Amino acid sequence: MRGGTMFSVGDYVQPRQGGPKLKVLDVKDDSIVVVQASNEQGETFTLKAAEVTLYTEAGDFGVC
């Protein structure tokens, strides 16, 4: 792992408990700065890297 997180700027992630697709803007130690992928000019948020997982399209979940 690099610098305590497994994410890189430009990655797409989502909260582990579910939520919107987020784009990583910055990586700091054990946290990341993200913005909603659907509104990249919108408000940014700082989240703990442990709270999010890489975003996957559909995958094993299936989409209705």
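The legends below describe close-up views of a predicted model.

**View 1. The open sheet of five strands.** The strands are arranged in the order E4-E3-E2-E1-E5, and their pairing is antiparallel. Strand E4 (44–48) and strand E5 (52–54) form the edges; each has a single partner strand, so one side of each lacks a neighbour in the sheet. On average, neighbouring strands of this sheet are turned by 45 degrees against each other, direction ignored.

**View 2. Strand E3 between E2 and E4.** Strand E3 covers residues 31–36 and pairs with E4 in the antiparallel sense over five bridges. With E2, the antiparallel pairing of E3 runs over six bridges. On the E4 side, Val33 has Thr46 as its bridge partner, and Val34 stands opposite Phe45.

**View 3. The hairpin of E2 and E3, with Asp29.** Two residues lie between the strands of this hairpin. Asp29 is found in the loop between E2 and E3. Its phi is positive, at about 45 degrees, although Asp29 is not a glycine. Most residues other than glycine have a negative phi. Asp29 has a relative accessibility of 63% and counts as exposed, because the cut-off for that class is over 50%.

**View 4. The largest nonpolar core.** Eight residues make up this core: Phe7, Val13, Leu22, Val24, Ile32, Val34, Ala49 and Val52. Strand E2 (22–28) and strand E3 each supply at least two residues of the core.

**View 5. The surroundings of Val13.** What does Val13 touch, apart from residues up to four places away in sequence? Its contacts are Phe7, Pro20, Lys21, Leu22, Val24, Ile32, Val34, Val52, Thr53, Leu54 and Tyr55.

**View 6. Gln14 in strand E1.** Gln14 is found in strand E1, which covers residues 12–15. Is Gln14 buried or exposed? Gln14 has a relative accessible area of 19% and is buried, because the cut-off for that class is under 20%. Leaving aside neighbours within four places in sequence, Gln14 is in contact with Gly19, Pro20, Val52, Thr53, Tyr55 and Thr56. Among these, Pro20, Val52, Thr53 and Tyr55 are also touched by Val13.

View 7. Residues up to four places away in sequence aside, Lys48 touches Asp30 and Ser31. Lys48 and Pro15 are 33 residues apart in sequence, with a C-alpha to C-alpha separation of 9.9 Å in space.

Methods: Residues are numbered from 1 along each chain as its sequence is written. This is a predicted model: local features need pLDDT of at least 70, side-chain atom pairs count only at pLDDT 80 or more; totals for chains, interfaces and linings use all residues. Side-chain values use heavy atoms; hydrogens and water are left out. Two strands pair if DSSP finds at least two bridges between them. Helices (H or I, at least four residues) and strands (E, at least two) are DSSP runs, numbered from the N terminus. Axes are lines fitted to C-alpha atoms, for helices over the stretch in contact, and angles run from 0 to 180 degrees between N-to-C directions. A nonpolar core is a set of buried Ala, Val, Leu, Ile, Met, Phe, Trp, Tyr and Cys residues joined through side-chain atoms within 4.5 Å. Buried means under 20% relative accessible area, exposed over 50%, partly exposed in between (1.4 Å probe, protein chains only). Contact means heavy atoms within 4.5 Å.
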